[in-house]
Amino acid sequence: MISVKKFTFNPFMENTYVLFDETKECVIIDPGCFSVEEEEELSNFIDETQLNPVMLWHTHSHLDHVFGSSFVANKYNIDLWIYKDDLQTLNAFNMVCKMYGIPVKNSPPNKCKFFNLSEGISFGKSKIDIRFVPGHAPGHVVFISENSNFVINGDCLFDGSIGRTDLPGGNHQQLLESIRKELFSLDDKMVVYCGHGPETTIGKEKYSNPFLVKQ
Ligand SMILES: [Zn+2]
């Protein structure tokens, strides 16, 4: 059984997740920690829960999801994993920070490993399925645990809303297709952990999300 710990970090109010199971191995997803206080909040939790970080994963590499990636990769000496189509977004980090007028404290790691979608990925005793869901960002993936009944869905689906598609590589129609095909095929009761805002469920969004309910 996987436990999910959620943090909300940085001025974009981005949700960072730590997944861990009974082995105490953990993975850190989309570490948005920006200030030293936020870095400490994350590392204190890992210390206090006596977790052993084994991997760092990005759903996608928009800046608000990766401010803390080099901190995490360096502190725990772990590899960053992304989907191969996300590399262009990862590499644009410094440029996008400049556009937003955000001082670049730490660029994300420039070395990374690529997820294999058909194999999924494992940590501890847990198996995670990965699905490719382009639309909000070109290399966006989601992480699914059938056993623990959740999906870490980044910025695809939100409680009553969907991800924005006006950023480079965004495509509204493609996002709707990704959600219908890859997310709405999951169990209605599955909990959806979002990149911003509260959790929701597949069923709630399938039947009431104004962007997806057919009028
Ligand atoms: Zn995003």
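View 1. Helices (H or I, at least four residues) and strands (E, at least two) are DSSP runs, numbered from the N terminus. The phi angle of Gln50 is near 55°, a positive value in a residue other than glycine. For background, most residues other than glycine have a negative phi.

Before moving on, a word about the model. It is predicted, so local features need pLDDT of at least 70 and side-chain atom pairs count only at pLDDT 80 or more, while totals for chains, interfaces and linings use all residues. Residue numbers start from 1 along each chain, as its sequence is written.

**View 2. Met13 also sits in a loop, between strand S1 (3–9) and strand S2 (14–20).** Is Met13 buried or exposed? Met13 is exposed, because 12 other C-beta atoms lie within 10 Å. Its phi is near 55°, a positive value for a residue that is not glycine.

**View 3. Six strands form an open sheet in the order S1-S2-S3-S4-S5-S6, with mixed pairing.** The edges belong to S1 and S6, each with a single partner strand, so one side of each has no neighbour in the sheet. Two strands count as paired if DSSP finds at least two bridges between them. Strand S3 (residues 25–29) runs parallel to its partner S4, with 5 bridges. Within this pair, Cys26 has Pro53 of S4 as its bridge partner.

**View 4. Helix H1 packs on the sheet, touching S1, S2, S3 and S4.** The direction of H1 makes about 165° with that of S1. Axes are lines fitted to C-alpha atoms, for helices over the stretch in contact, and angles run from 0 to 180 degrees between N-to-C directions. Helix H3 (residues 69–76) lies across S3, S4 and strand S5 (80–82), at about 145° to S4.

**View 5. Val104 belongs to the loop between helix H5 (93–100) and strand S6 (113–114).** Val104 is partly exposed, with 13 other C-beta atoms within 10 Å. Which residues does Val104 contact, leaving aside its neighbours within four places in sequence? They are Asn94 and Cys97, where contact requires C-beta atoms, placed from the backbone, to lie within 7 Å. Val104 and Phe34 are 70 residues apart in sequence and 10 Å apart in space, C-alpha to C-alpha.

Notes: Buried ≥ 20, exposed ≤ 12 C-beta atoms within 10 Å, placed from the backbone. Contact = placed C-beta atoms within 7 Å.
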